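Biologist: Could you walk me through this model in plain words?
Modeller: Gladly, let us look at it together and start with the charged side chains.

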Amino acid sequence: MFRHIAVAGATGAVGTIIRQLLEERDFPAESVTFLASARSAGMQLQFRGESHPVRELTPSALEGLDLVIASTPDDIARESLPWAVERGATVVDESGAWRMDSKVPLVVPEVNPEAIQGHQGIIASPNCS
């Protein structure tokens, strides 16, 4: 179980859907952190009936997380997602940044769910859907 999770890109269109799905599916987590750009930091997002502040996606914001679900632009993913791995988190990335990296498994759950076993911290998704 992932106890402490984050959604990176939480204020974007895909981040909004991720939040909705986590809530609808009652994803088992003790805490959920919402991360976004400095421009969005300080906004309040509703999740599970409570208001949560959006934090800026920085190395320190990734401390203590077990799972990061990321939907950010490719350049932000390349820069920031290794910070999460360095701090012990597993990352599921929906950008195109890691899809062609031979060290990062590209996982389509309906096709190759076993590929997740070989991850080294980052798991690529074929696209945001």
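**Salt bridges, sheet and buried residues**

Modeller: E63, E86 and R87 are linked in a network of salt bridges, where a salt bridge is a side-chain nitrogen of Lys or Arg within 4 Å of a carboxyl oxygen of Asp or Glu. This is a predicted model, in which local features need pLDDT of at least 70 and side-chain atom pairs count only at pLDDT 80 or more, while totals for chains, interfaces and linings use all residues. Residues are numbered from 1 along each chain as its sequence is written, and side-chain values use heavy atoms, with hydrogens and water left out.

Biologist: Which side chain does R87 meet at 3.0 Å, N to O?
Modeller: That is E63. The pair links distant parts of the chain, since R87 is in the loop between α2 and β6 and E63 is in the loop between β4 and β5, 24 residues apart. Helices (H or I, at least four residues) and strands (E, at least two) are DSSP runs, numbered from the N terminus.

Biologist: And how far apart are the closest N and O atoms of E86 and R87?
Modeller: They are 3.6 Å apart in that salt bridge.

Biologist: Is E86 buried or exposed?
Modeller: E86 counts as exposed, because its relative accessibility is 60%; buried means under 20% relative accessible area, exposed over 50%, and partly exposed in between, with a 1.4 Å probe and protein chains only. R87 counts as partly exposed at 28%, and E63 is partly exposed as well, at 49%.

Biologist: How many salt bridges does a search of the whole structure find?
Modeller: The search finds 3. One of them joins the side chains of R3 and E30, at 2.9 Å from N to O.

Biologist: New topic: what order do the strands of the sheet have?
Modeller: The open sheet of 7 strands has the order β3-β4-β2-β1-β5-β6-β7, with mixed pairing, and two strands pair if DSSP finds at least two bridges between them. Its edge strands are β3 and β7, each of which pairs on one side only.

Biologist: What holds paired strands together in general?
Modeller: Strands of a sheet pair through backbone hydrogen bonds, either parallel or antiparallel.

Biologist: Which way do β3 and β4 run?
Modeller: β3 and β4 run antiparallel and are joined by 4 bridges, with Q46 standing opposite S51 in β4. These two strands form a hairpin with 2 residues between them, and R48 in the turn has a positive phi of about 55°. By contrast, β2 and β4 run parallel, joined by 3 bridges, and A36 stands opposite E56 in β4.

Biologist: Where is L35, and is L35 buried or exposed?
Modeller: L35 is found in strand β2, residues 31-36, and counts as buried because its relative accessible area is 0%. Leaving aside neighbours within four places in sequence, L35 is in contact (heavy atoms within 4.5 Å) with residues including A6, V7, A8, V54 and L62.

Biologist: What about S40?
Modeller: S40 has its place in the loop between β2 and β3, yet S40 is buried, with a relative accessible area of 7%. Apart from neighbours within four places in sequence, S40 is in contact with T11 and V54.

Biologist: Last one: which strand does T90 lie in?
Modeller: T90 lies in β6, residues 90-93, and is buried, with a relative accessible area of 15%. Neighbours within four places in sequence aside, the contacts of T90 include F2, D66, H119 and I123.
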